[in-house]
Amino acid sequence: MTETLLDVRNLRVSLKTDRGMLNAVRGVDLQMKRGQTLCLVGESGCGKSLTAMALMGLLPRYANITSDCFDMAGEDLTQKPQSKLAKLRGRDVAMIFQDPTSALNPTLTVGRQLTEGVMRSEGLDRAAANARAVEMLDRVGISNPEARLTQYPHAFSGGQRQRIMIASALMGRPRRLIADEPTTALDVTIQAQILRLLGELQSTLGLSLLLITHDLGVVASIATDVAVMYAGRIVEQAPAEDLFHAPQHPYTRGLLRAIPVPGVTPRGSELPAIAGRVPGLIGEMRGCAFRDRCALGSSECASDPVPRHGDDAGRFVECFKVTPGEATQ
Amino acid sequence: MLAFIAKRLVVAFCVCVTVSAISFALMFLSGDPAIAIAGAGGRAQDAEAIRIAYGFDRPLIVQYLDWVGSALTGDLGQSIYFNIPVSEIIGNRISVTMWLGVLSFLLALVVAVPLGIAAALRPNGWIDRIALVLAVTGQAIPSFWLGLMAIVVFGVWYGWVPISGAKTWQGFILPVIVLSYYAMPAMMRITRSGMIDVLATDYVRAARAKGLPMRVVIFRHALRNAVLPLVSLAAVQLGLLLSGSIVIESVFALNGLGRLAWESLLRSDLPVVQAIILILSLLYVALTTFADILNAVLDPRLRGAN
Ligand SMILES: Nc1ncnc2c1ncn2[C@@H]1O[C@H](COP(=O)(O)OP(=O)(O)O)[C@@H](O)[C@H]1O
Ligand SMILES: [Mg+2]
């Protein structure tokens, strides 16, 4: 059994909006395991980023977060996760953002931004912190790292900045790394380099990587496991091989349908369109959120709860119409 | 950085030359200065004598260079009305205005920045609401009314401060407060909106993701970026305050630059007006240049090459 580094059950995030309570994350179960690269995929707006923010404790003040179980680094975060996570951020769990251009402070040197976290959390002096920064910059492939510590972010290209962000995330030697669409804002050729780097770091450092993306090419190239999110819930999760070869949820199948050979998807291809629209997330929702767009949908699908079929290997699917082991496609 | 400063100073110098040329030209704006000095009923011979006495018969460029040269040595000419050196008149008045302006500016800044930050941390919270009310009233209530009210309440009823004049430092209390209340809202609002924008940026979120405490995130990461627009605005505000407020100076009977400019205009005392315009223009040039350099110190992107 691989070590579970993060375990959250029935995670719910709702936001107060002008139009009422927006239930953006509606009962997500998620484990991050040592050595695993879990890809969280789903259409834009399905709640991936808010899930990541909840795991980092970075939700806005007007967000409400609850869970039945939230364990990380031996701490029980079920109560007051946001404030307890403030102590874990950087050291136990770190995050990389989508746009490296805006994620680095333009007015502070790269060295300052890399070292400020560990100087505080580990009490390192400047020399030790700089040495760590040089080590990390070297690891992420920034050449001549000593000299670059004194430079400002605008002296670096987009790809280099994302490398710096990765180095910054690694500074506290966290075991869990969350990357929210880390390549979306980059050129296609740079995307591949950054993904390769993330994959390498994940295996050499034994990280547990939660990679959020809406790019199935990214998933195919890096994931060990895949969780498919729809309207605030994970509707199917499986090892990557299994998911690509035998998707079970109608939504997952819809996503994969446009791809001729599963697993060798050209990079950069985004989720194919599925007819119909994502349901609004304001207020309570009953039954399966996908039923209106689903070819198999029937009146049964409007009832609660949606049955979950799982196996011991950690694969599960939430659907009235499919059962695991059933022939697919 | 040094190259940037050098470049800004060259630009500032060019602006100074232009500004001085324009203030010099003001002398001739109202027609022949010699006739103006001779007065409406003056005879042609008088005007001619004045023209030679004041050197108006020489080529313009010579007159300009002569004027600039004297100005640089502190000789701003003779007041037509008082017949004493302009520098003497201005010297008497300028310290009142400078004290009033600088103190009001500092008070406004000391109130505006913390209030703007606190308001931005919780938009629509109670601090934000109080700040909004203060800002709106500060902008809506005319300074002269506020000044008169302050005099009536604190000067006449309670007798805490002198009613008018600047003979003692207590005389400055009310005008400084009234003037700073006038200058504070804009600086507070720009701090607040800059802070709200910056707090929503990815780099602030990234700073929090590193585990930095909120205090460090606010002061190291957010404030530095949020004050960039404030620096430019504050330079203009300080320029305005140092120009002297005719209203405040009149209400509180302070003999400052604002009133001097106004009175000199009414008396057609052109050399005085000209000197005031020159001094204030140069002051603006200095302030905006300083603001640009300060912004470049805060934001390396503005320095050009790294
Ligand atoms: N700060 C916010 N305020 C209000 N609504 C938000 C906020 N952030 C996200 N949402 C809403 O929550 C839903 C999920 O957003 P998000 O997690 O960012 O989606 P994803 O990352 O999957 O694209 C969306 O409908 C989005 O509009
Ligand atoms: Mg997102």
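Contact here means heavy atoms within 4.5 Å, and on that basis the contact between the chains takes 28 residues from chain A and 25 residues from chain B. The model is a predicted one, in which local features need pLDDT of at least 70, side-chain atom pairs count only at pLDDT 80 or more, and totals for chains, interfaces and linings use all residues. Residues are numbered from 1 along each chain as its sequence is written, chains are lettered from A and ligands numbered from 1 in the order in which they are written, and side-chain values use heavy atoms, with hydrogens and water left out.

The interface is a handy place to start. The size of an interface is often given as the accessible area lost when the parts come together. Between them, chain A and chain B bury about 2,400 Å² (accessible area, 1.4 Å probe, that two parts lose on being put together, summed over both). Carbon and sulfur atoms carry 52% of this area. On the side of chain A, T107(A), E116(A) and R120(A) supply 23% of the area buried against chain B, more than any other three residues. The interface also holds 2 salt bridges (a side-chain nitrogen of Lys or Arg within 4 Å of a carboxyl oxygen of Asp or Glu). E116(A) meets K210(B) in a salt bridge, with N to O at 2.8 Å.

Over all chains, the salt-bridge count comes to 21. Within chain A, the side chains of E3(A) and R175(A) form a salt bridge at 3.0 Å, N to O. This pair links distant parts of the chain, 172 residues apart: E3(A) sits in the segment before strand 1 (4-17) of chain A, and R175(A) in the loop between helix 7 (158-170) and strand 8 (176-180). Helices (H or I, at least four residues) and strands (E, at least two) are DSSP runs, numbered from the N terminus.

Helix packing in chain A comes next. Helix 7 and helix 8 (residues 188-205) of chain A pack at an angle of about 20°, with their axes 10 Å apart; axes are lines fitted to C-alpha atoms, for helices over the stretch in contact, and angles run from 0 to 180 degrees between N-to-C directions. Helix 7 and helix 8 of chain A are therefore roughly parallel (angles under 35 degrees; over 145 is roughly antiparallel, 65 to 115 roughly perpendicular and the rest oblique). The residues that meet include I166(A) and L170(A) in helix 7 of chain A, and L197(A) and L201(A) in helix 8 of chain A. By class, this contact of helix 7 with helix 8 of chain A has 8 nonpolar, 3 polar and 1 charged residues; Ala, Val, Leu, Ile, Met, Phe, Trp, Tyr, Cys and Pro count as nonpolar, Asp, Glu, Lys and Arg as charged, and the others, Gly among them, as polar.

In chain B, the axes of helix 8 (residues 170-199) and helix 10 (residues 214-242) come within 9 Å and cross at roughly 150°, which makes helix 8 of chain B roughly antiparallel to helix 10 of chain B. Their contact has 17 nonpolar, 5 polar and no charged residues. Helix 1 (residues 2-29) and helix 13 (residues 270-298) of chain B pack at about 165°, with axes 9 Å apart, and are therefore roughly antiparallel too. Their contact divides into 18 nonpolar, 6 polar and 2 charged residues.

A cis peptide bond joins D304(A) and P305(A), with omega about -15°. A73(A), not a glycine, has a positive phi of about 50°.
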